[in-house]
Amino acid sequence: MRYDVGRFRRPMRRSTEGQLASLVSLGDGSTLTLDFTTGLLDPRLSFERLSTATFINSSGLVAWAAANMMTRSQSQDVNAYWNAFGTSVTRTGSQTDPFGGSGAVKLNYDATSADAVISRTVSVQQGLQYTISVWLRADSGTVNNVRFGRGASAAGAYFPSLTTTWQRFSLTFTATGGSDGMELRVLTSGTPKTASFHVFGAQLEPGGTMRDYNPALLDVPYHAPRFDHDPTTLAPRGLLIEGQATNAVTYSNDFSNAAWLLDNSGATNPSVSTVSQTGPDGAATVARITLNKTGGTFSRIRNTATGTASQPYTMSVWMKANTASGGAATQNVGLRIGADPAGFNCVVTTTWKRFQYTYTLSNTDANAQIILWDNIIGNDETADVLVYGCQIEAGSGASSYIPTGASTATRSQDTATMAITSADLGFDNNRYTVRIRGKQNTFGVSFARSARFFAASTEPIGFAVNSATFYPVSGNTSGSNIAILTIANSLNQDFRLAWSMDADLATGTMLGSRNQSASSVNRSNTGPTANITGFGLNTNTAATAYASMTIRDIKFWPMMMNAAQLNALTAP
């Protein structure tokens, strides 16, 4: 348990005046620039994600994005949200909060006949770690009889010392069921049986660290946008934008759990233990796996997972050679998915690396296997490695890590939209050029647009991915009113893509350039001509179709450029 005065952060962080993009000419003729490498979201963009999610932070570590899953976080005076037992609690809202506002609530407890308590629970995942926090202060004097604890268990609950100065208290726990939360209780068996105090700003977030408070004032939790970084160079990659994905592996980082089965074809089963070494998330302990296939054909640790036949699935896991226990600095360990006859050899070194392997399922078996196997060329007879965060997900390539506990877990899609007008952007009759720079992490299993300008009833132009190809598109995804300019790109490769079009020409023209490789296409008809009314990242109902990518920046010019100009825009 711990407490401090805490800090408060508004859900939408505003950039400084010098960082705010302006819908006027920016010196190069562009009328819109969105730069996502600053770690700040342009305040005109409305961001949403309905689930917790991880990213690579500025220290190169796997971290939870800021979140507040405790909806109605400042409604302790409303019984429909924060349940009170009987009439033993009197509540008064609109009290002065720690930041000079009026968001606090005054509580008067009387536990003479029964415990006096208010509580709220929300959905969590069994087996994962969470932290709850709240500001409290005594109405007068010192109050020591208010118990602060979880909403689903008394384990870890404690009695903080409340003074007339606001303090922020927290408690970290591992969820034992599908719902948990927070309660403030005065015990009828305690002394005294009454208490008068103030409460403000409840928060429940994933992980073991109390972070800045983010209000979740309605029935929707707060989930922050993610600004990803290169784990090696720590350079900012930009805004992480991903579609919906599910990790089909349970207990994804608890390799000693019974969900992970140990077997072999020789005489010795693999072993799993915990060692005191720093993992990719910065934690001080990590799982150690030793495998030995001597005298047999395989030695493995596996976790049961299911998928859809004939669809590609990607397995990913971080590994590092365990030289601290005498292992070699370079070891070969395999990844295998389901009934895959081949598998994939990983060259594991003394540096943490996230390995990934994609296989198209022959049936519904998508079991995750870390394995030494004769069928995998290059595998050693023995291996001693450290492991972290296993994931099996649909699609080609690994998206951000989705930690799991007793059940599989789904990360919902990211969306960011902005209302714009043709007058603001300065274009006429839909002549424009767009450039987007970023990095592709996965390919979706179906057609998807990941960034687009749109009108009220049409979709004039967008940025899309399908298999190993980028598509600037015009029109809709059903085949009508659509022009496709194929500009291929590879997974995990930086891309610089620009396209230009004139929707006013009789035949229509579209040009594109990817990393200084220009090509063009004539559109089949004039296509949509409605004025652009908005810009969106992952604005589509088919959330699962989106791939994973980081967006570095986006620029818009109110003119159609030629191939040479587009090549210049996509120069390294």
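Predicted model: local features only at pLDDT ≥ 70, side-chain atom pairs only at ≥ 80, totals over all residues.
**Exercise 1.** Take strand β41 (residues 534-537) and work out which residues point one way and which the other.

*Solution.* Start with one face: Gly534 and Gly536 point one way from β41.

**Exercise 2.** Find out in which sense β31 and β41 pair, and over how many bridges.

*Solution.* Follow the two strands: they run antiparallel as a pair, with four bridges. For one example, go to alanine 419, whose bridge partner in β41 is glycine 534.

**Exercise 3.** Decide whether methionine 418 is buried or exposed, then list what it touches.

*Solution.* First, locate methionine 418: it sits in strand β31 (residues 415-419). Next, compare numbers: buried means under 20% relative accessible area. Methionine 418 has 3% relative accessibility, so it counts as buried. Last, look for contacts, skipping neighbours within four places in sequence: you get Leu32, Arg44, Leu45, Thr533, Gly534 and Phe535.

**Exercise 4.** Work out how far apart the C-alpha atoms of isoleucine 118 and phenylalanine 85 are.

*Solution.* Begin with the strand: isoleucine 118 belongs to β10 (residues 116-123). Along the chain, phenylalanine 85 is 33 residues away, and the C-alpha atoms are separated by 7.0 Å. Now the surroundings: leaving out residues up to four places away in sequence, isoleucine 118 touches several residues, among them Trp82, Val89, Leu107 and Met182. Finally, its relative accessible area is 0%, so isoleucine 118 is buried.

Key
Residues numbered from 1 in each chain as written. Heavy atoms only, no water. Buried < 20%, exposed > 50% of the residue type's maximum accessible area, 1.4 Å probe, protein only. Contact = heavy atoms within 4.5 Å. Pairing = 2+ DSSP bridges.
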